[in-house]
Amino acid sequence: MQLKGLMDVECRRGKDSPRALPFPAQSCHILNMIGLIWHYLYSSLLRSWMKWILRKVTGRCELQRICTNTVQGTERTMKIEYSLESSKNEVLKTAVTVSEANVANRVHDIMEIKKISIQKDPKFKLNLQTCLLQISGFKKLFADVENLRKQPFDSSNKQHEDMLKKLWNLLMPHVQLESRITKQWGDIGFQGDDPKTDFRGMGMLGLHNLVFFGDHYTETARQTLSHSNHPKIGYSFAIVGINLTEMAYSMMKSGLLKTHFYNLVPGVPQLQHFHQVYCYLMYEFDQFWFKEAPSSIMEFNLYREQFHERMKQLLQDPKTVLKLNFK
Amino acid sequence: MDYLCFRAFCCKGPPSPRTEYDVVCVGLTGSGKSSLLTQLCSESTDSIIPTTGFSIKAVPFQNAILNVKELGGADNIRKYWSRYYQGSQGVIFVLDSASSEDDLETARNELHSALQHPQLCTLPFLILANHQDKPAARSLQEIKKYFELEPLARGQRWILQPCSVENMDAVREGFNQFISLLEEIDQEHIPSRI
């Protein structure tokens, strides 16, 4: 049980408003403290007693009960993840970061520790294996995404330069680049005459995302680019792209994207799945932007935040899978 | 939060509020506006991306809070800057001390436009000569001379502060002086309100 939601929502102040708080908000802080104390008592004492009682009554441990009471998907995997992470046993606790090659062994060890009989519960082994592959796979994928992000664009790296050229050719197949440093980059939405200054905190992750979109969904990418060139409410394709890379990255970092990955991939998620989330954001944001019809690009951040809120709400529903509505 | 809880338990009222000032922050793309403001708020600058449109940040200082309206510096956004000057009490202009000659010239033109703009010409300016940590960074004297601050901005209140994200003390020093200017102007206006 995760004690989240109501109190946090009411008391949340944006980090941008450090004003002195009025008295009702102070009592909100006291309520938050009481909530924390209750949460501590529950997780350290009550939970163990409740689990012990349930095991005696049902003859099955918490992991087994979760697998029986849920279907394959986010709800099951999230509950298994929470159960393992809260365990006092190191073997269970560290199972969430076990490597793909060691998942089978770890499942075996857990079944021994929890005295789970494979005859009495034949499906359990495969179910737990799938969950572990998803859980540790998500963490490994995030580590890979983070490594790409930390790689700055390097003009002396041929692979980086080739990717940039590839991006141009995918999006502007009939126009030749006059030179490497040129104002033409503005035609695909970069800010200056050298795209390398635009990637900043997103590094190569931003470029990989853009190239994947252009490569795998070329028609949609070109259409989105042409929408972005609207004379009145156009936006900068590549810059908004980098912005959405940041959105996808932060949703993965906060764990929000687990809903999507755990429902979509019954095993280890791959980098292409992250790229596809990005493509989803690019397409949906473009639709959202033109439907809302803002007065100009200056309102971008406002609409970006509204879009972000919608995404957060979507991903808080455990049944959500982000589907690409285009070819 | 802990401080507020302590005050709540000891039945003290809320702490006295700091004065707030509305300021606008402009400068070319890549000059370092977002990075500086983010660091002043003690947040991580790890995943900063180019600012599109504008963004508002409340930046806390010891005796004031600056509600900073940061405007993106890309070519296609600069034309909208003047629409957001209304209601500002001060201006922060950030420039890249190590930029190319062309970019420095563009920055100079933008700064001059801002200094002469009817809605900003009476306001105090904090000019941050950023990126001082780069080898190609021009010195304080060179910047002052190149930007013609002394002849052009005569009669206006401005502060030129060399700085970089590596040296936030210098940044805070500049801001504290700027806040003093804002406070002075506030004091000057009080008699006329009566």
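Helices, of at least four residues, and strands, of at least two, are DSSP runs numbered from the N terminus. The model discussed here is predicted. Read from the N terminus on, the elements of chain B follow the order α-β-α-β-β-α-β-α-β-α-α-β-α, which comprises 7 helices and 6 strands.

**The sheet of chain B**

The strands of chain B form an open sheet of 6 strands in the order S2-S3-S1-S4-S5-S6, and the pairing within this sheet is mixed. Strand S2 (54-60) and strand S6 (158-162) of chain B each have a single partner strand and stand at the edges, so one side of each is left without a neighbour in the sheet. On average, and with direction ignored, neighbouring strands of this sheet are turned by 20° against each other. Strand S5 (residues 125-130) of chain B runs parallel to S6(B) and is joined to S6(B) by 5 bridges; in S6(B), B:Gln161 is the residue that stands opposite B:Leu128. Helix H2 (residues 33-40) of chain B lies across S1, S2, S3, S4 and S5 of chain B, and runs at about 155° to S3(B).

For chain B as a whole, 51% of the 194 residues count as buried, and the accessible surface comes to about 9300 Å², with 48% of that surface belonging to carbon and sulfur atoms. Among the contacts in chain B with a separation of 6 or more, 72% are accounted for by residues 24 or more positions apart.

Two packed helices are described by the angle between their axes and the distance between the axes. The table sets out these values for two pairs.

| Helix pair | Axes come within | Crossing angle |
|---|---|---|
| H10(A) (residues 203-216) and H14(A) (residues 271-292) | 9 Å | roughly 75° |
| H3(A) (residues 62-69) and H4(A) (residues 74-85) | 9 Å | roughly 170° |

The crossing of roughly 170° makes H3(A) roughly antiparallel to H4(A). Their contact is made by A:Glu62, A:Leu63, A:Ile66 and A:Cys67 of H3(A) together with A:Arg76, A:Lys79, A:Ile80, A:Ser83 and A:Leu84 of H4(A), and these residues divide into 5 nonpolar, 1 polar and 3 charged.

The residues of the contact of H10(A) with H14(A) divide into 8 nonpolar and 5 polar, with no charged residue.

Note on methods. Residues numbered from 1 in each chain as written. Chains lettered and ligands numbered in written order. Predicted model: local features only at pLDDT ≥ 70, side-chain atom pairs only at ≥ 80, totals over all residues. Heavy atoms only, no water. Axes fitted to C-alpha atoms, helices over the stretch in contact; angles between N-to-C directions. Nonpolar A, V, L, I, M, F, W, Y, C, P; charged D, E, K, R; others polar. Parallel < 35°, antiparallel > 145°, perpendicular 65-115°, else oblique. Contact = heavy atoms within 4.5 Å. Buried < 20%, exposed > 50% of the residue type's maximum accessible area, 1.4 Å probe, protein only. Areas by Shrake-Rupley, 256 points an atom, 1.4 Å probe, with all protein chains shown as cover. Pairing = 2+ DSSP bridges.
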